[in-house]
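Please have the model in view as you read.

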Amino acid sequence: MRLRFAPSPTGALHIGSVRTTIYNYLFARQRDGALILRIEDTDQDRLVAGAIDSIYDGLHWLGITWNEGPQEGGPHAPYVQSERLPLYQRHAQELIDKGAAYYCFCSKERLAALRAEQEARHELTRYDRHCRNIPPDEAAERAKTEPHVIRLKVPDEGTLAIEDLVHGHIEWQASTIEDQVILKSDGFPTYHLAVVIDDHEMGITHIMRGEEWMASVPKHLLIYRAFGWDVPPMAHVPSVLGPDGKKLSKRHGSTAVSQFRDDGYLPEALINYLALIGWSPGTEDEIFSMDDLIRVWKIEQVQSAGGKWDKDRLDYFNGVWIRKLSVDELVRRLEPFVPAEWDREVLRKIAPHIQERMKTLKDAQDQIRFLFTDDIGYDRSALIPKKSNAMTTTEALARARAVLSPLEPFIATVIEPPLVSLAAELNWSKKDLAGTIRMAITGRQVGPPLYQSLEVLGKEKSLRRIEAAQDMLAGVRA
RNA sequence: GGCCCGGUCGCCUAGUGGUCCAGGGCGCUUCCCUUUCAAGGAAGAGGUCAGGGGUUCGAAUCCCCUCCGGGCUACCA
């Protein structure tokens, strides 16, 4: 069993192609098969520098591994199509020799004009086979000096069909297919020629790819047939759609895996969420690690309809996976998301208290900033509860400071009782007292639990900030 | 326009002729818990299974038509 995924280095690793890659990975791993990474860079004009690195980075981050590839090597190296040109050219020649393909000398201008005419007459826009009947000898001779492409010689009649693993029986009439260019004038193959040759040469046993490739299947079938090769089983998996129902793309916002990493998403969450677009276990379980997926995922359960991308649902899964992390692991994952100068010991102490309050790792920073800087600026009015005023609040803060200052050890369980009693004495609700103190020490209305926050902040700083709040209310400080 | 693929609550989906006056999750509403926010618990709103014809004792599930959506229609992948 050999599966492949074949991205084009035309940009950052895309979230949609990741979903398809995950399926390939699962299929290969659950059957002890091999996974091959092949770079399809036959379009010279669309190459983007650094794209291959970004593909590698993204895949590594997700924990997807493979057996053969450009950097890994393997029995069918090279795994980059631009390094396999002679192979395609040789095979294109073979197709010509077999009469399954022909040289075409039409200029791009003629093709454009032809197209314009057809459009004007509301006819089908396709190649008119102008060069199809040039005698082979003459064509071969002209090919030595004239610029040319090689086109597939599509038969006039016949039916082409596959039994798709996802969609079942699909068929096409040969008459509806164009004489597709398979070798471009720059000597590079088009996708159609290159995939068929590589999938065959590399011993790919199952082709799983996005459904946008379905329309080109009949062309591939013709090429397989011309070479006399067996056609491997194919599975065309549904697309990941944007909110507007169209195939997810940059238009819908960033689709780069690296963006999700930078935004504080866990690879576990992304994989879990993505796997569920287009696949369902048929049970009510929905939290799956990659290993779980390898166990339960089945190609038979893959949907035939596309599914829309839903950020809220991704956020939910991210929260689930963040909560599953051990504290040590959470701290480790938080590392890139907090300033280097922040004390890691303090981070570790507060981590358990913000763990269930994060949608993304990025959320942590704002919630715990007060522990690492004294610059927590807030408005004096924010200190005063609705039913209170500056004077009573100042009083409350003074009393709180008095109550807190002798406490030893300064830990949450010791801090709570006296503050609860104080609230009662002041005839304040616990909520109001806690809210005022929270604002005084954190500068925010929401955050980790107050008593734990005081503990982690430490007695000295806590008292100092409460005093500062008092002064602010009393007008001592602006 | 042509070819192909789709169409179950706002979204992801379960469902493969009866146990479905359609189940779960996200989101939303309400309540509980509660020092905030979350998390957690409970309840609820939300679907004429795109529409119309068949087949059948019986259809979301099978067939046909229509409508709608998407993909492809490049010397792009």
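A pocket here is an open set of points on a 1 Å grid over the protein atoms alone, with protein on both sides within 12 Å along at least five of seven lines, and its lining residues have an atom within 4 Å of a point. A volume is the space filled by probe spheres set on the points, with grid points joined across faces, edges and corners. This is a predicted model, in which local features need pLDDT of at least 70 and side-chain atom pairs count only at pLDDT 80 or more, while totals for chains, interfaces and linings use all residues. Residues are numbered from 1 along each chain as its sequence is written, chains are lettered from A and ligands numbered from 1 in the order in which they are written, and side-chain values use heavy atoms, with hydrogens and water left out.

Start with the largest pocket, whose volume is about 1200 Å³. Its lining has 45 residues, and Pro-7, Ser-8, Ser-17, Glu-212 and Trp-213 lie nearest its centre. Two or more residues each come from β1 (2–5), α1, α2 (51–62) and β8; helices (H or I, at least four residues) and strands (E, at least two) are DSSP runs, numbered from the N terminus. Helix α1 gives the most, with 6 residues. By class, this lining has 17 nonpolar, 16 polar and 12 charged residues, where Ala, Val, Leu, Ile, Met, Phe, Trp, Tyr, Cys and Pro count as nonpolar, Asp, Glu, Lys and Arg as charged, and the others, Gly among them, as polar.

The second largest pocket has a volume of about 360 Å³. Of its 14 lining residues, Lys-108, Leu-111, Val-149, Val-181 and Ser-185 lie nearest the centre. Helix α4 (108–120) and strand β4 (149–152) each give two or more residues to this lining.

Now return to α1 and look at its neighbour. Helix α1 (residues 15–30) packs against helix α9 (residues 267–275) at an angle of about 80°, with the axes 10 Å apart. Axes are lines fitted to C-alpha atoms, for helices over the stretch in contact, and angles run from 0 to 180 degrees between N-to-C directions. The two helices, α1 and α9, are therefore roughly perpendicular (angles of 65 to 115 degrees; under 35 count as roughly parallel, over 145 as roughly antiparallel and the rest as oblique). In this contact (heavy atoms within 4.5 Å), α1 uses residues including Ile-15 and Tyr-23, and α9 uses residues including Leu-270 and Ala-275.

Terms used. On a 1 Å grid over the protein atoms alone, a cavity is a set of points where a 1.4 Å probe fits but cannot get out, and a pocket is an open set with protein on both sides within 12 Å along at least five of seven lines; lining residues have an atom within 4 Å of a point.
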